[in-house]
Amino acid sequence: EQGWRVRALSRRPRSAPWPGAEPVQGDLTGAAPLSSWLQGCTALVHCAATPPDATTALFSSARSAGVVRMVHLSTTSVYRVDGAEVVREESAEVGPEDRYGWGKAASAHAALAAGGTAVRVLEPGCVYGGYGGWWSGTLLDLMRRGTVLLPAHGQGLANLIHVEDLAGAVRLALDADDHRAGGGRFIITDGRPIPWATYY
């Protein structure tokens with residue numbers, strides 16, 4: 001909608017191209033050179049789950065290819081909650097006992113280290129919307145089968161972000177005029193936490 005030409009990399013082959021995007025099949029953890037996928041790109045949006053070494057390789061290759069705007073999608077799960085009412089970008093991160101959060105934090109640090117000031121790390125809350133995913137698809141499927149997994153019996157707070165709002169945040173991060181002035185980490189939610197029971 002904004003007029004960007006998009007090259008979309010995925011491990012899975014698609015039966016039809018994504019609307020308005022050039023589909024490319026590949027694996028970021030494989031042996032194929034990343035430079036071929038990045039050739040001609042001016043921006044990079046990384047939203048795959050990759051180990052830190054693969055993230056480092058991707059962002060280093062992007063810098064070498066002349067990519068000047070980079071966004072790495074992480075998660076608010078990188079932060080240690082410990083009953084804190086407010087979590088900020090400066091808050092303490094989870095430890096290695098939380099393999100998911102620890103791994104996502106390590107990948108975010110790898111992106112910032114390899115990509116330098118061109119990188120914005122977006123840390124969305126729970127992403128929901130009409131495209132599936134854990135919070136809009138998988139968890140509902142589990143509930144339909146009789147498994148209910150709601151924090152604090154549904155009274156725990158859901159810090160949500162709609163997938164289209166997250167896409168808008170990515171666009172804003174790419175459009176930022178001060179991209180060469182410094183990277184950073186940004187928590188992204190809709191700012192209106194509600195109980196999980198209310199959401200579902």
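At 24% relative accessibility, Tyr128 is classed as partly exposed, a label for residues between buried (under 20% relative accessible area) and exposed (over 50%), computed with a 1.4 Å probe on protein chains only. The model is predicted, so local features need pLDDT of at least 70 and side-chain atom pairs count only at pLDDT 80 or more, while totals for chains, interfaces and linings use all residues. Residues are numbered from 1 along each chain as its sequence is written, and side-chain values use heavy atoms, with hydrogens and water left out.

The structure holds four aromatic pairs. Rings of Phe, Tyr and Trp (its six-membered ring) pair if their centres lie within 6.5 Å; planes under 30 degrees apart count as stacked, over 60 as edge-to-face and the rest as tilted. Tyr128 and Tyr199 form an edge-to-face pair, at 5.6 Å centre to centre and 75° between the planes. Tyr128 lies in strand β6 (residues 126–128) and Tyr199 in helix α6 (residues 196–199), so this pair ties together parts that are 71 residues apart in sequence. Helices (H or I, at least four residues) and strands (E, at least two) are DSSP runs, numbered from the N terminus. The rings of Tyr199 and Tyr200 are also edge-to-face, because their centres are 4.6 Å apart and their planes at 70°. Tyr200 is partly exposed, at 29% relative accessibility. Tyr128, Trp196, Tyr199 and Tyr200 form one aromatic cluster.

Tyr199 is also touched by Ile194, a residue of strand β10 (residues 194–195). Ile194 is partly exposed, with a relative accessible area of 27%.

A nonpolar core is a set of buried Ala, Val, Leu, Ile, Met, Phe, Trp, Tyr and Cys residues joined through side-chain atoms within 4.5 Å. In the largest one, of 18 residues, Leu44, Leu58, Phe59 and Met70 touch the most other members. Elements α1 (35–38), α2 (52–64), α3 (99–115) and β5 (119–124) each supply at least two residues of this core. Another core, of 10 residues, lies apart from it and includes Leu73, Ile161, Leu166 and Ala169.

Helix α3 also contains Ser107, which is buried, with a relative accessible area of 4%. Beyond its neighbours within four places in sequence, Ser107 contacts Thr50, Pro51, Pro52, Thr55 and His72.

The count of disulfides (cysteine sulfur atoms within 2.5 Å) is zero. Cys41 is in no disulfide, and the nearest cysteine sulfur, that of Cys47, is 14 Å away. Cys47 is exposed, at 57% relative accessibility.

Methods
Contact = heavy atoms within 4.5 Å.
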